[in-house]
Amino acid sequence: METLAESKCFGGVQTVYKHQSAACCCQMTFAIFLPPQAAEEVVPCLWYLSGLTCTHENAMTKAGLQAHASKHGVALIFPDTSPRGEEVADDEAYDLGQGAGFYVNATKSPWNTHFRMYDYVVKELRELAQVSFPLSERHGITGHSMGGHGALTIALRNPGLYQSVSAFAPITNPTQSAWGRKQLTAYLGDDEAAWADYDATILLRERGWNGDILIDQGADDQFVNLLRPQAFAGVVTETCQPAVIRMQKRYDHSYFFVSTFGGDHIAWHAERLNSKFHQNANGKGAA
């Protein structure tokens, strides 16, 4: 890994790295915040997946999560949202191509050469982080918008890897949304059966989740019809899934919204990533 930036932050260290990715076949950039507790012991880790047009930097600089993570002794990892570079396929539209990886493993040309963000986040970057930093085996995942879609789908597909999951204004039902159908068609093809693994509403109905879920959604979000929170909430009710879905009055889709409720999410994850909490909750040390 090549260190691109390093800053002292709330008693911990915020660092940005670049590395060669085997999954994405290009150089990838990510950021990690290690709280002060990491200087003495391994700490749990919370992954934050960003939304359309974002890089690792948006949440790192705008969400204000480091102060809360420092208080609770949780590391934060901010991956990029897609592969990048002159050799990487792109599209003129903001919602496809670079900056819009949708956390899928693309199977259709020209995207399948580089756009394997699912494997990058779930496998490659996790393995790299685990051996490079003082992280425990307890990981949570969250994200905003497209990143909320990524967080929910990744957690629902990998309950053994993540002990907690939350989201800010996630795209919850992309197979039925213009923020989803376009991208899933491009990346995966016309067979809608192949899309199901990347739709949180379908995954929740078919697989469930072995813990609880926290979602915050702005009631004045200008993109709420594309996000389809009602579809996910309907399956929560239908399956009796433990979840808290909060419609926040007058909040929109911006990082003002994310930063307002970021502290709640960090504290929520920290509680669930603490092994003693889980042992006391169900006696098995699992979510």
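Start with a histidine: the side chain of H253 makes a polar contact with the side chain of S145 at 2.9 Å. (A polar contact here is a pair of N or O atoms within 3.5 Å; within protein, one must be able to donate a hydrogen and the other to accept it, and residues adjacent in sequence count only if both atoms are side-chain atoms.) Keep in mind that this is a predicted model, where local features need pLDDT of at least 70 and side-chain atom pairs count only at pLDDT 80 or more, while totals for chains, interfaces and linings use all residues. Residues are numbered from 1 along each chain as its sequence is written, and side-chain values use heavy atoms, with hydrogens and water left out.

So where does H253 sit? You'll find H253 in the loop between β9 (243-248) and α9 (255-273). (Helices, H or I of at least four residues, and strands, E of at least two, are DSSP runs numbered from the N terminus.) H253 is buried, with a relative accessible area of 9%; buried means under 20%, exposed over 50%, and partly exposed in between, using a 1.4 Å probe and protein chains only. Setting aside neighbours within four places in sequence, H253 is in contact with H144, S145, A169, W179, D221, Q222, F223 and L227, where contact means heavy atoms within 4.5 Å.

Stay in that β9-α9 loop for a moment and look at R250. R250 counts as exposed, at 69% relative accessibility, and its phi is near 75°, a positive value in a residue other than glycine. C240, in the loop between α8 and β9, also has a positive phi, about 55°, without being a glycine. C240 is exposed too, at 67% relative accessibility. For background, most residues other than glycine have a negative phi, and most peptide bonds are trans.

That brings us to a peptide bond worth a look: the one from S109 to P110 is cis, with omega near 5°. P110 is in the loop between β5 and α3, and T81 lies in the loop between β5 and α3 as well. T81 is buried, with a relative accessible area of 0%. Its side chain reaches the backbone oxygen of C54 at 2.6 Å. Not counting residues up to four places away in sequence, the residues that T81 touches include S50, G51, F102, Y103, M117 and M146.

Now follow the chain into α3 (residues 117-132), which bends by about 35° at L125; the bend is the angle between axes fitted to the seven residues ending there and the seven starting there. Among the buried residues of α3 are M117, Y120, V121, L125 and A129. Their cover includes β2 (12-21), β3 (26-34), β4 (43-49), β5 (75-79), β6 (135-143) and α4 (146-157).

How do α6 and α8 pack? Helix α6 (residues 200-207) and helix α8 (residues 229-239) meet at an angle of about 10°, with their axes 9 Å apart. (Axes are lines fitted to C-alpha atoms, for helices over the stretch in contact, and angles run from 0 to 180 degrees between N-to-C directions.) The two helices are therefore roughly parallel to each other, since angles under 35 degrees count as roughly parallel, over 145 as roughly antiparallel, 65 to 115 as roughly perpendicular and the rest as oblique. From α6 come A200, T201, L204 and R205, and from α8 come A231, F232, V235, V236, E238 and T239.

Finally, R272 in helix α9 counts as buried at 10% relative accessibility. Its side chain makes a polar contact with the side chain of D212 at 2.9 Å.
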